[in-house]
Amino acid sequence: MTTTTSPNVSEQFHAIGPDIADTKAPAGPIEKRWDDRKFNAKLVNPANRRKLSVIVVGTGLAGGAAAATLGEAGYQVKSFCYQDSPRRAHSIAAQGGINAAKNYRNDGDSIYRLFDDTVKGGDFRARESNVYRLAQVSVNIIDQCVAQGVPFAREYGGLLDNRSFGGVQVSRTFYARGQTGQQLLIGAYQALERQIGAGTVEMNTRHEMLELIMVDNRARGIVVRDMVTGEIETHTADAVVLATGGYGNVFFLSTNAMGSNTTATWRAHKKGAYFANPCYTQIHPTCIPVSGDYQSKLTLMSESLRNDGRIWVPKKAGDERAAADIPEDERDYYLERIYPAFGNLVPRDIASRAAKYQCDDGKGVGPGGLGVYLDFAEAIERLGLPAVKAKYGNLFDMYAQITGENPYETPMRIYPAVHYTMGGLWVDYDLQSNLTGLFVAGEANFSEHGANRLGASALMQGLADGYFVLPNTLANYLADGPYEKIDDSHEAVVEARRAVEERIATFLSINGTRTVDSFHKELGHIMWEYCGMERTEEGLIKAIGLIRDLKQAFWSDVKVTGVNEELNQTLERAGRVADFIELGELMCIDALNRRESCGGHFRAESQTEDGEALRHDDEFAYVSAWEFGEERPTLHKEPLEYEYVEMKSRSYK
Amino acid sequence: MNITVRVWRQKNAESKGKMVTYGVENVSEDMSFLEMLDVLNEQLTLTDDDPIAFDHDCREGICGACGVVINGQAHGPQVTTTCQLHMRSFEDGAVIDIEPWRAGAFPVIKDLVVDRGAFDRIIQAGGFISAPTGSAVEANNIPVPKDNADHAFESAACIGCGACVAACPNGSGMLFTAAKITHLGLLPQGQPERDSRVVGMVEQHDHEGFGGCTNIGECTAACPKGIPLDTISRLNRDLLGALAKGKA
Ligand SMILES: Cc1cc2nc3c(=O)[nH]c(=O)nc-3n(C[C@H](O)[C@H](O)[C@H](O)COP(=O)(O)OP(=O)(O)OC[C@H]3O[C@@H](n4cnc5c(N)ncnc54)[C@H](O)[C@@H]3O)c2cc1C
Ligand code: SF4
Ligand code: FES
């Protein structure tokens, strides 16, 4: 066992503030907490709802579901997204499936088991109350989606089909071929369009949020840029919801969409919202490896492939033979060997790190030795080609399209890639941030998944937040409204708009020598190298220095062409990259402070003798909630307590 | 490989556009088509030229944001989205024409970016099942024959890219509209609104300025998701049925 980090070395980079005492979760038996909260929440009379307004930024599963539901309930909703249509939010890309504790397989599943799996899967860094609620509403989500016409996979009898996903031993994942996210999002999108048609939701596409407006310590509005005309607009309401997705693109290369960004959450952070657990990022084990330095993004191969595909590398380092020429006894099915109980279905963080270690040992395959095989030969023999095609056809096609190789004949090559961010804005049980009136939903908040997210649970969380949690908790907040009307001449509105305009003017005036992408790539390299799958004290300190230099270089040497008053994609990217640079630094500081390994956060100094993650519950069983500071951030700890699930080290052996 | 591209440049909706020629060197065949444009844009930026605007987001063939006409074909020579097209589909030295979707209902915003808002408005006019949040019954109380579920899924796979419109000599949006009619019409949950849906969506389709369908089939041929032409027959049947019942 090695734990040789110097204590408090991170404290040169941050201050420590008071703990967060209350998360507003009701006490009492865990099964009753959500019912209690709903029962005690204030209600808004339907006739009064029309007088109350809500801004929802984001139209993914979380934002789309929330806007549709709130509009339907009768509130005045303004919805925003940066794409040309709400249907294109990044949720569309989710492939594998969505969990729900329906126990349709009769395999011993239950709400409690889903709760238990999620708390353990999150490596004891998520809140029990929230996770339990998530498991509870999971069953309503499936009902809701089926009612909307989401075409989930079915069995011959006409009932819903399930598959299993990494990290659990029951079959509770609902899916729509390899396009589950698409189908769920289309369901939410159609519900949203219905409300837009009915006039309860005003939709603003191609509008990017660039600032939060705070009035008398309440979140009351946002500043957005019309991405077609460049006009800077201000919008105000009684409450603001951010459902703007994750920040994986801080690594430049990730499985996120090109436009996925932290700008909305980072701007809110700079206005006072705590950013929680920024260093918890998920590196997904099954992505298509990088092919060259022109690469703009990475493509995920759904984790569901691990149900039937077997992962291996040659036993001998530096083996250059083609896969087909390597005989069975010279292959190392390392996950099956090291983790016999879960085999190829170990959780993502474990599978990713195992692949990295194989490649570090020189056993990697493909260009640069950065890949491992995912082999379907055995599955094709066992199930037959048609069955494999029916299950995974679109994924195989995608692989063939990208790599030019035929995965039915040669094994796929895969490598880990940044995929999901567990960190995000801090929220209480009601999904309200520490800023009154600012609610955060979906991947944009930090909740539910702790230090590692289990497969098929982000879709579940997004829809839980949007359809079932927010509509209740937000109503409780709105019940005290409407708040004083704010017009455009209010000092806070004027100030927020001026800040946005000045920032844009600065980008356009620097006229340096380097492109925005060149900075983004450099940031990505730093993050991947020092704040990726394995982190060390030395590396993180180095990274902080490099990022600070990069920030200076960016603000003095970036080149942003064109003007504001037009569709200007370079200007859009410049704003996002500027925010990513600042977030990157906070991620490193957070990783440095957390001198333990947990879930997706692996500190090399904190591992067991056989190289598994070693948590330090006595010191680190808390959520790190960071308050912004011009000089340095302040850490607030939210202690985590486990009343139901006993804290143990995870074991998948 | 080294290639030449001729790209439609148009400053904004009001100005006139023209084709402009650029050379792109050292293109790898493993690059995606959009990565090739990225490389070109980096080049343009460094020479103080305006980078080419194009829509894209997921780069995985699923969000439907990307889409340009390549050498006269919507999404180019392969049946896939523009973002999933790779440079190995082109020869060294190739000259490639790149234009935006051309259709009356999709006005150009800038360069290769068009406004496809009309598609959203068609959905607003009935492309949904009214299922208020919280009102749903237990999911397995609505069995759906596997065949119907699978076919519904295949139509629901439409990504709203608009290639069908760009490929159609009439600029018709019928394949997109029919895909939604088919998805929802095949499910028991979709039956109560089946008539009003088809009437509303077709009306909106026509109102947006899309052309009529004359069964040419260019739409299906260009569709990256393989939405079949017989969805349009289904739409027509549903429409006639609804009109006969006096639902218009
Ligand atoms: C390739 C891939 C596959 C996945 N597969 C699965 C899976 O099988 N199962 C699973 O459970 N999870 C999966 N996930 C994770 C899951 O898809 C996401 O976590 C989830 O969909 C996020 O939903 P969201 O609503 O929070 O945000 P998103 O869907 O990312 O939506 C963000 C929204 O915010 C808007 N927005 C962002 N910034 C701004 C801004 N500044 N101004 C205005 N609007 C803004 C965007 O326009 C968009 O509408 C996958 C993720 C990826 C990348
Ligand atoms: S029908 Fe096909 S081509 Fe038309 S929008 Fe849908 S996916 Fe695109
Ligand atoms: S960028 Fe999403 S489909 Fe091409």
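How many salt bridges does the rule find across the interface of chain B and chain A? In this predicted model, in which local features need pLDDT of at least 70, side-chain atom pairs count only at pLDDT 80 or more and totals for chains, interfaces and linings use all residues, side-chain values use heavy atoms, with hydrogens and water left out. Residues are numbered from 1 along each chain as its sequence is written, and chains are lettered from A and ligands numbered from 1 in the order in which they are written.

The rule finds eight salt bridges across the interface of chain B and chain A, a salt bridge being a side-chain nitrogen of Lys or Arg within 4 Å of a carboxyl oxygen of Asp or Glu. Lys110(B) is paired in this way with Glu566(A), with the closest N and O atoms 3.5 Å apart. Polar contacts (pairs of N or O atoms within 3.5 Å; within protein, one must be able to donate a hydrogen and the other to accept it, and residues adjacent in sequence count only if both atoms are side-chain atoms) join 46 residue pairs between chain B and chain A, both residues at pLDDT 80 or more. On the side of chain B that touches chain A, helix 3 (146-156) of chain B is among the elements that each supply at least two residues; helices (H or I, at least four residues) and strands (E, at least two) are DSSP runs, numbered from the N terminus. Helix 3 of chain B provides the largest share of that side, seven residues. The class composition of the side of chain B that touches chain A is 37 nonpolar, 18 polar and 21 charged residues, where Ala, Val, Leu, Ile, Met, Phe, Trp, Tyr, Cys and Pro count as nonpolar, Asp, Glu, Lys and Arg as charged, and the others, Gly among them, as polar.

Contact (heavy atoms within 4.5 Å) involves 76 residues from chain B and 75 residues from chain A. The two chains bury about 6,000 Å² between them, 50% of it on carbon and sulfur atoms; buried area is the accessible area (1.4 Å probe) that two parts lose on being put together, summed over both. In chain B, the most area is lost to chain A by Asp57(B), Glu60(B) and Phe153(B), together 12% of what that side buries.

On a 1 Å grid over the protein atoms alone, a pocket is an open set with protein on both sides within 12 Å along at least five of seven lines, a cavity is a set of points where a 1.4 Å probe fits but cannot get out, and lining residues have an atom within 4 Å of a point. The volume of the largest pocket is about 1,000 Å³, volume being the space filled by probe spheres set on the points, which are joined across faces, edges and corners. Helix 11 (385-403) of chain A and helix 3 of chain B each supply at least two residues of this lining, and helix 11 of chain A gives the most, nine residues.

Cavities of 30 Å³ or more number seven. The largest cavity has a volume of about 800 Å³ and is lined by 48 residues, with His90(A), Ser91(A), Gly245(A), Gly246(A) and Glu443(A) nearest its centre. By class, this lining has 19 nonpolar, 23 polar and six charged residues.
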